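Take a look at the protein below.

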Amino acid sequence: MITVEEAQQRILESMVHYQPRPVTVSLAEAVGRVLAQAVVSDLDIPPFDNSSMDGFALLSSAVIDAKADHPVDLEVAATISAGHPLSDLSIAPHQCYRIMTGAPVPKGVDSVIQVEWTEPHGDWVRITRPVPPGLNIRYKGSDIADQTEVLTPGTVLTPALIGIMATLGRTHCAVFRRPSIAIVSTGDELVDPSLTPGPGQIRNSNAYALYAAVLQAGGDPVLIPHAPDDLHLIIERLNDAARYDLILSSGGVSVGDFDLVKTALQQHGTQNFWRVNMKPGKPVAFGHYRDTPFFGLPGNPVSALVTFELFVRPMIRQMQGDFRWPRLVLQLPLLEDFTEVADRRHYVRCQIRRDSLGALGVIPSPDQGSAIQTSWLQADGLMVIPEHTGPWLRGATVAVMLLHS
Ligand code: AMP
Ligand code: MG
């Protein structure tokens with residue numbers, strides 16, 4: 001059985017020739033997308049020297065000797081507000097400007113003293129302390145210089161980065177197309193969540209959980225009607241699913257008599273691997289169905305989502321040009337014993353909490369069964385427990401992969 005790392009390696013190697021296609025979107029639709037083209041500034045930001053405070057713009061040399069018992073009084077020559085630059089006006093050293101945050105700092109002054117440090121009296125202001133040159137001035141180009149490559153391809157667009165593009169005058173940007181992901185669930189026992197299950201039946205939760213997981217990973221999910229455990233019908237559904245960029249099936253990849261998804265893959269595709277040394281999720285399969293990349297995820301709901309997290313999400317991210325997909329892994333102390341010993345790598349749903357002294361630690365969800373959907377409740381991450389280790393006692397340090405990083 002291969003390791004998780006080898007499986008990940010094989011998946012990513014299988015797509016070295018995949019070329020994500022750029023599409024143009026408006027800034028309003030760009031959040032979470034992956035940038036396909038560098039963004040280079042064609043101006044200085046800020047575009048002019050401006051004040052970072054409401055106060056008085058003055059020549060620092062005029063107040064160099066100012067003290068509480070030796071104040072310097074300056075005459076206010078004009079008021080400058082944001083959006084209203086002064087037409088060339090010069091002032092004498094005993095004069096200053098009243099200036100607002102964001103207003104252009106005129107030539108002839110070299111610093112701004114905030115209003116809180118002054119004593120204004122009508123057309124005069126009393127200064128009781130010296131100020132260094134440059135105080136409270138945001139210089140032209142100090143944030144972004146003209147012709148700087150500010151954003152590189154592969155960057156995931158956040159609200160802040162969309163703000164930068166707007167500042168630079170972009171209304172649209174090139175991002176990588178979302179891959180389309182077909183979701184096929186299999187099993188005679190499954191009914192749609194809208195229906196009341198009959199004897200021996202359960203509701204199909206994987207289709208919807210995987211749909212949501214695909215959306216969160218940036219893919220474009222498509223639900224294919226569910227397939228019963230019938231080879232011909234499974235093949236029919238998979239043929240339909242093969243029109244998309246990637247196929248995710250759930251169920252039917254284990255060793256039961258009716259686990260026919262693997263058979264369909266062997267007949268109409270190529271199997272790259274089947275079974276990974278992990279818990280939950282051991283029966284996961286990967287390959288190509290016809291020419292389309294294919295994941296056969298296990299049917300147990302927890303196994304389906306854990307294998308999605310470890311194998312499918314990285315692929316969907318890379319299909320969009322995002323190579324910075326690995327989750328943050330923290331080393332944290334256990335706040336409770338974790339006594340289960342597994343011969344496979346164990347991915348344990350867990351919560352990150354504070355101990356009585358306020359230090360962060362980790363608490364495993366109580367029941368780690370692969371069908372226990374409530375083990376995800378309030379889960380922040382997956383504790384990664386190496387195979388053949390344990391029991392792990394309170395205080396021991398464990399690796400935790402953060403699910404929302
Ligand atoms: P399988 O991998 O097909 O052997 O299924 C393993 C377990 O997962 C069985 O208990 C199934 O009933 C359950 N299961 C399979 N598919 C789904 C699904 N789409 N939603 C919820 N449970 C499922
Ligand atoms: Mg099944």
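This tour visits the surface, then the pockets, then the salt bridges. Keep in mind that the model is predicted.

Start on the outside. Tyr208, Tyr211, Leu215 and Leu223 form a nonpolar patch on the surface. Leu215 lies in helix 3. Is Leu215 buried, exposed or partly exposed? Its relative accessible area is 47%. Buried means under 20% and exposed means over 50%, so Leu215 counts as partly exposed.

The largest pocket has a volume of about 640 Å³. It is lined by 24 residues, and Gln216, Glu309, Arg313, Arg327 and Leu403 are the closest to its centre. Helix 3 returns here: helix 3 and helix 6 (301-319) each supply at least two residues of this lining. The lining holds 13 nonpolar, five polar and six charged residues.

The second largest pocket contains about 440 Å³ of space. Its lining has 29 residues. Nearest its centre lie Gly251, Pro298, Gly299, Asn300 and Pro301. By class, the lining has eight nonpolar, 15 polar and six charged residues.

Next come the charged pairs. Side chains of opposite charge can pair when their charged atoms come close. The structure holds 13 salt bridges. One of them joins Lys140 and Asp44, at 4.0 Å from N to O. This pair links distant parts of the chain, 96 residues apart. Lys140 sits in the loop between strand 10 and strand 11, while Asp44 sits in the loop between strand 2 and strand 3. Lys140 is partly exposed, at 49% relative accessibility. Asp44 is partly exposed too, at 22%.

Where does the Arg317 salt bridge sit, buried or exposed? Arg317 pairs with Asp322, and their closest N and O atoms are 2.9 Å apart. Both Arg317 and Asp322 are buried.

A further salt bridge joins Glu387 and Arg345, at 3.1 Å from N to O. Glu387 lies in the loop between strand 25 and strand 26, and Arg345 lies in strand 23, 42 residues apart. Glu387 has 24% relative accessibility and counts as partly exposed. Arg345 has 13%, which is under the 20% limit, so Arg345 counts as buried. The pair also has a partner: Glu5, Arg345 and Glu387 are linked in a network of salt bridges.

Notes:
Residues numbered from 1 in each chain as written. Chains lettered and ligands numbered in written order. Predicted model: local features only at pLDDT ≥ 70, side-chain atom pairs only at ≥ 80, totals over all residues. Heavy atoms only, no water. Patch = residues over 30% accessible without salt bridge, like charges linked within 9 Å, V, L, I, M, F, W, Y side chains within 5 Å. Areas by Shrake-Rupley, 256 points an atom, 1.4 Å probe, with all protein chains shown as cover. Salt bridge = Lys/Arg side-chain N within 4 Å of Asp/Glu carboxyl O. Helix = DSSP H or I, 4+ residues; strand = E, 2+ residues; numbered from the N terminus. Buried < 20%, exposed > 50% of the residue type's maximum accessible area, 1.4 Å probe, protein only. 1 Å grid on protein atoms, 1.4 Å probe; cavity = no way out; pocket = protein on both sides within 12 Å on 5 of 7 lines; lining within 4 Å. Points joined across faces, edges and corners; volume = space filled by probe spheres on them. Nonpolar A, V, L, I, M, F, W, Y, C, P; charged D, E, K, R; others polar.
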